[in-house]
Structure formats: structure tokens, C-alpha cells
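Let's work through some charged pairs together. Have the sequence and the model open beside you, and try each exercise before reading its solution.

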Amino acid sequence: MAAYVQDTIMLLGDSLTQGGWEAHGFAQKLSYVYARKLDVINRGLGGYQTDWAIPVFEQIFAKKQEQQHVPKVRLLTIWYGANDASPAPSPQHVPRDRYKSNLAHLIHMVTSPTSPWYSPDTRIILITPPPVNTHQWDGRVFEVTRSYAEAVKEVGLKENIPVADVWTEIWQAAGQDEKSCENFLYDGLHLNAAGYEIIFNSLIKIISEKYPELHYDRLQNVFSPWSEVDVANPRPSLVKRPALVNLAQL
């Protein structure tokens, strides 16, 4: 078993998150820029929606009494909606109001002091579903997906959680033309490298503005750069240290 060395960024979501490990995916990009500082944990489960996300999250996020023994989740991204917006009677369909309630529930699991999973050290970013290109993908409705993206922003506003509005960003990058979304969605629903580039940039922008202490440029390597190792007496300079510089100064 790996020892507790680095804290983490946890990515919670569906296939759009799971696919973040693909070449040029947003999870891969995050892992690269946060190397030696924060580990990226991808908990994207293809096909899942928010009804199913809650019991999964109950198992993958440490409870309060466990948190002192495991890496802290410094940043949590929550990205659902692409499947929730499936038309009924699809088993993936979650009504819009319940979708909003589920997102709020996931947030409260982390932010509420009375929650067994309360984690005051965790920062959260919500991500909207991207547009769906119905010229490529059958089984989704363009305006319904837009409505679910708006629902994410409504939850973010109410809960004071920043939102990566990738629906709008991709829509604008596509010239507000549904068919042109094919430049960012390889099959009409799932993102290609250009689409994931937008996701990554949107997340980094939010981190810079809302959680600057977590920006990779503000963190130090957990293990010192080789050039700082005391060659004559290396062991003291090889002790792990907090990535968050403000914690290291306490």
C-alpha cells in the first residue's frame, strides 16, 4: 500500500470525467501541472448520473474520523448532467429538480459540519455539461442539455460554489452553431482534445481567481528539488513537506 505522501484533487463525474485520462484529457493535464504537489484521483464512472453518484460518493470520500489517516482532498470537481439530461424513460434520466437537489446534496456532504463526510479543507468546483451535438449523437435533446447546464449555475449561485460553465464556453467557441460543436465533441457527446483543453483552462482560471492558494504555481514540491538536497547530509532535506506553502509556514 502506498504511504500518505501527497494530498489530492478528486474528480467526480461520469464518462466525461472518466475520459479525462485520455491523451490530452483534462485529468491528464491536471496530473502534469500538479506533479509532485497534488495527486489527481479520477472517480469518473461512465454512464452514471447524480442519483447513483450519491451512494458512490459515500464510499469514495473519507468520513471525518478517517480523514486524519488518508490524503486530504484539497479540491473536488463535480461534473454530472450529460446523462441526467437523457430523455425519460431512459434509466439514466434524472428530473431537473432532483438533479439540482442531488448536486446540492453532494456539496453539503462536504461542506456541512453535521455531515459524516464534512471536510473543511476541501474546495469545490461544479462543472456544467457541455452542449450536445444532435447531428452526431442521437438520444439527447439540445435544449434539455442547455437547461441542465443552467441548473448547475443555479446550484452554484445558491451554494456559493464556483461553476466552470463549459456549456457556454464550448458553445461560444463553436460560433453558437450546434453542428460546429463537432470541433470539440468527437461523437456529439464526449469531448476530444480541443474540448478538454477548454475544460482544463476553465478549471485553472477558477482556481486562480477563487482558490489561488491551490494554483500549481503557488504550491511547492512535496519532496525538494534535487538541486536543494544537501549532498553532505541528504536525509534531512529529503523529508516530505506540505505542498501548500502557507501550511509549511505554520
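**Exercise 1.** Find the partner with which D51 forms a salt bridge, and say where the two residues lie.

*Solution.* Start with the contact: D51 pairs with R98, and their closest N and O atoms are 2.7 Å apart. Next, place the residues: D51 is in helix α3 (residues 50–60) and R98 in helix α4 (residues 96–111), so the bridge ties together parts 47 residues apart in sequence. Helices here are DSSP runs (H or I, at least four residues), numbered from the N terminus.

A note on the source: this is a predicted model, in which local features need pLDDT of at least 70 and side-chain atom pairs count only at pLDDT 80 or more, while totals for chains, interfaces and linings use all residues. Residues are numbered from 1 along each chain as its sequence is written, and side-chain values use heavy atoms, leaving out hydrogens and water.

**Exercise 2.** Work out which helices the E154 and R96 pair links.

*Solution.* First, the contact: E154 and R96 form a salt bridge at 2.9 Å, N to O. Then the location: E154 belongs to helix α5 (residues 142–159) and R96 to helix α4, 58 residues apart. Finally, widen the view: R96, K100 and E154 are linked in a salt-bridge network.

**Exercise 3.** Describe how R146 and E143 are placed.

*Solution.* Their closest N and O atoms are 2.9 Å apart, in a salt bridge. Both sit in helix α5, three residues apart, about one turn of the helix.

Technical notes: A salt bridge is a side-chain nitrogen of Lys or Arg within 4 Å of a carboxyl oxygen of Asp or Glu.
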